[in-house]
Amino acid sequence: MKRTFSLSFLTVADVGPVEAIQIAAHAGYDAIGLRLLPAAPATEAPYPLLTDTALLTEVQAALRDTGITVADVEIVRLGEQVEVQSYLPFLERAQQLGAKHILIAGDDTNEARLTENFTRFAELAQSFQLTCDLEFMPWTGVKNLTAARRVVEGSGVSNAGILIDSLHFFRTESSFEALRELPLNFINYVQLCDAPALYDPSDEGLIYVARNARLVPGEGQLDLKRLMQFIPSSKPIGIEVPNTRLLQTMSAQKRATYMLERTIELLREC
């Protein structure tokens with residue numbers, strides 16, 4: 001089966017959604033990831049695509065014209081207090097965009113409470129035909145694959161899944177054995193990037209690399225070839241490579257094209 005590729009939001013966060021869609025189409029991607037909600041709600045406002053009807057119309061037209069689809073929308077952060085109904089405008093907009101998946105971060109260290117809130121949100125999202133994909137990240141309340149599986153299994157909701165991000169997989173206590181034992185229906189899509197073997201394990205260091213210094217697949221020391229042996233070819237791959245240095249030296253179009261070419265090259269070697 002031919003793999004499908006999505007241009008993740010952070011890879012070309014320096015351009016707007018319409019341009020990002022056009023870039024994805026020109027580079028040969030099948031889909032795109034879009035951000036509607038801020039990664040840092042305390043200091044950032046929602047993205048214009050969430051509320052700007054004119055922009056929504058432009059994005060929908062760009063999607064029709066290019067044939068690009070929306071793979072995932074970002075980012076729902078589930079903290080200690082969650083007003084599920086407050087996400088209705090977000091879910092409605094995601095549905096209008098034809099999105100398939102929602103990227104979710106678990107910011108609550110109380111796993112029982114997080115599981116309850118994740119369940120409630122996933123049940124609401126289910127009525128919009130959206131999957132809820134919990135991304136484990138070492139600085140959040142869901143620190144590894146095992147913890148993410150407990151939450152998803154605890155929810156018992158059919159549209160609940162786990163997002164495997166290659167950077168976080170290798171920067172946490174996750175293991176290939178845990179990945180091998182993970183039910184394949186828990187994986188709706190994965191995000192791929194590379195990184196150096198040596199890194200700063202502090203939260204600040206981890207966050208900096210995740211948002212500013214990821215490497216193009218095949219240009220770091222992560223064992224991506226082994227990782228991808230556990231991911232069926234039917235699972236879409238989001239290429240997520242925010243890199244400040246590349247942003248300063250390459251256009252968004254060149255970055256997107258180069259990253260897709262390198263990723264395909266890597267996968268051919270697997």
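Biologist: What does the accessible surface of the protein chain come to, and what share belongs to carbon and sulfur atoms?
Modeller: The accessible surface is about 11700 Å², and carbon and sulfur atoms hold 51% of it; the areas come from the Shrake-Rupley method with a 1.4 Å probe, and for residues only the protein chains shown count as cover. This is a predicted model, in which local features need pLDDT of at least 70, side-chain atom pairs count only at pLDDT 80 or more, and totals for chains, interfaces and linings use all residues. Residues are numbered from 1 along each chain as its sequence is written, and side-chain values use heavy atoms, with hydrogens and water left out.

Biologist: How much of the protein chain is buried?
Modeller: Of the 270 residues, 56% are buried, meaning under 20% relative accessible area with a 1.4 Å probe, protein chains only.

Biologist: How many helices and strands are there?
Modeller: The protein chain has 12 helices and 8 strands. These are DSSP runs numbered from the N terminus: helices are H or I with at least four residues, strands E with at least two.

Biologist: Turning to helix 1, which residues are buried there?
Modeller: Helix 1 covers residues 17–27, and its buried residues are Val18, Ala20, Ile21, Ile23, Ala24 and Ala27.

Biologist: And what do they pack against?
Modeller: Their partners are strand 1 (5–7), strand 2 (31–35), helix 3 (53–66) and helix 12 (252–269).

Biologist: What follows just after helix 1?
Modeller: Gly28 comes there, with a positive phi of about 105 degrees.

Key:
Buried means under 20% relative accessible area, exposed over 50%, partly exposed in between (1.4 Å probe, protein chains only). Contact means heavy atoms within 4.5 Å.
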